[in-house]
Each structure stands twice: as C-alpha cells, then as structure tokens.
There are 2 protein chains.
Amino acid sequence: MDYNQFKHCGLNVALGILSGKWKAIILYHLFHQESMRFTELWRIIPKVTKKVLLEHLKQMEHQGLLIRSEVNTFPPEVYYKLSDKGKALAPALSALEVWANEYAREEVDLLKSK
Amino acid sequence: MDYNQFKHCGLNVALGILSGKWKAIILYHLFHQESMRFTELWRIIPKVTKKVLLEHLKQMEHQGLLIRSEVNTFPPEVYYKLSDKGKALAPALSALEVWANEYAREEVDLLKSK
DNA sequence: CAGTATCCGACCGGATACTG
DNA sequence: CAGTATCCGGTCGGATACTG
C-alpha cells in the first residue's frame, strides 16, 4: 500500500471543511435529494436549531460545497443543492462510510439506535 | 454516480473519530514512519503542546487507531504506531486529500505556506 | 522521557425571541 | 418561510509548572 498518496495539508483542509456537528447529515440528504428547501432540511434533521443549521449552510455555501438560490416571493423560498465541488466529495465520503462500517461497527450501531 | 453508497451514521462516526486539530498530521507521520516515540512526534509537529498531543494520542489509542507500547526503562520509551484499523483509513484519507488538492487548492496552498 | 495538574480564553452548538 | 439578535454553557486547545 502506498502511503505517500496523502499529505496532511490537503487532509487538514478537507477535515476542516467537513467539521461541524451536522455536516454529515446535511451532505447525506443533499446527495439523496438534489435541492431542498431550508425548512425541509430543518425538519428532516432532528434537533438542530435554525441558527446552527443556517450557520452550517452558510459555511458550506461560502466554501463552495453548496449552491443557495432564492425565489423572491413572500414568504420566501430558498433552495440548497450540491455544487460540483460538493458532489466531488462522494468517493471520499463513501470511503469513510465503508471504513466506519467495517472497523467501527459498534459506534455506528450505537449511533443508529439513537 | 451512486450516491446511495454512503449513509450519514458511518460518516458521522468516521468524522468524529478524525476530529481534533492534530489528527491529520499525526496520522500522516505514522503512515510514513511506522512507529514513533512520543518526543519524536512532539518535535515534528509544530506548536502542539505535550498535553494536547497526549490527549489526541490517548483518544486515538482508545478508538483503536493506534497501538501504544512502552519499554520499561528509565527514562521511559514509548512508541506509537498504527493498528490495522488505523491503516485501513488510508484509502479514505487519500480520497480526501485528492479531493482537497483538486477542489480546494487555494486553502491547501495557503496552509502549506504557513 | 513521558506524563500529569491547573488554569484560562476562544469557539461552538443550543435556547429563545424577534423580523422582513 | 427564512433569517437575525442575544445570551449561555460546555468543550477544546493552549500555557505553564510539576513528577515518576
């Protein structure tokens, strides 16, 4: 196995971008649904507050992972979807998922049961 | 691309395990060197304090990513190396690295220059 | 050398109420 | 509906000094 494949700089950046309590679940839903409204995300993610969800979405938007678009009506409609940069995370995220299911089964099952 | 490959539970667990300011760089060095002494790690990682480095190493040991072994002499010698569980992270970590270099070049270069 | 004990500030996530 | 304004407690990383 060639361990020279990764260096810590890029890894640090990637992990930094993915850090945040709700990032995984946000990405998960947007990978499965392609465009969701704010309230839709809010209701589907248990127990996150609007403020925190908004902060996460803003960060991810500024980092170019998400694209935010609003329909200018009243009441407003705002949609979030993955950008190409966000979609490109798929292989890495699924590799992490595979690893967790293979090597951290207990923690995963514990989390599922909650 | 099949986005059903990953679910958020495993992803959450994996990201949780990898969260911590110095995790990336610790893993990086241990992937490249197979067994390092505490002080060796401490000197090679810029600006981390002993306490924090120790906390990170302890966590990673408890999560089964690292194996700690001590030679009972005075002064003590303690070695850290990757376990199989830790080594199995390689594909996922290098996928993250690849993504960062491809899609987050600016941040990576910025980090490198520091 | 490796590890522990204190103390501290900054940041992060959360609760609640309010607004265009 | 989507977003903002405050306030708050806990956790995380860091500085420093000490110990087996």
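1. A polar side-chain atom of K50(B) is placed 2.6 Å from a base oxygen of DNA strand C, a polar contact being a pair of N or O atoms within 3.5 Å.

2. The elements giving two or more residues to the surface near DNA strand C are helix 4 (50–62) of chain A and, in chain B, helix 3 (38–44), helix 4 (50–62) and strand 3 (77–82); helices (H or I, at least four residues) and strands (E, at least two) are DSSP runs, numbered from the N terminus. Helix 4 of chain B provides the largest share, four residues.

3. Of the atoms of DNA strand C within 4 Å of the protein, 57% belong to sugar or phosphate and the rest to bases.

4. A rotation of 180 degrees with 0.0 Å of shift along its axis superposes chain B on chain A, with an RMSD of 0.0 Å, by least squares on the C-alpha atoms of residues with pLDDT of at least 70 in both. The two copies are thus related as by a two-fold rotation axis.

5. The model is predicted: local features need pLDDT of at least 70 and side-chain atom pairs pLDDT 80 or more, whereas totals for chains, interfaces and linings use all residues. Side-chain values use heavy atoms, without hydrogens and water, residues are numbered from 1 along each chain as its sequence is written, and chains are lettered from A and ligands numbered from 1 in the order in which they are written.

Notes
A residue is near a molecule or strand if one of its heavy atoms lies within 4 Å of it. A polar contact is a pair of N or O atoms within 3.5 Å; within protein, one must be able to donate a hydrogen and the other to accept it, and residues adjacent in sequence count only if both atoms are side-chain atoms.
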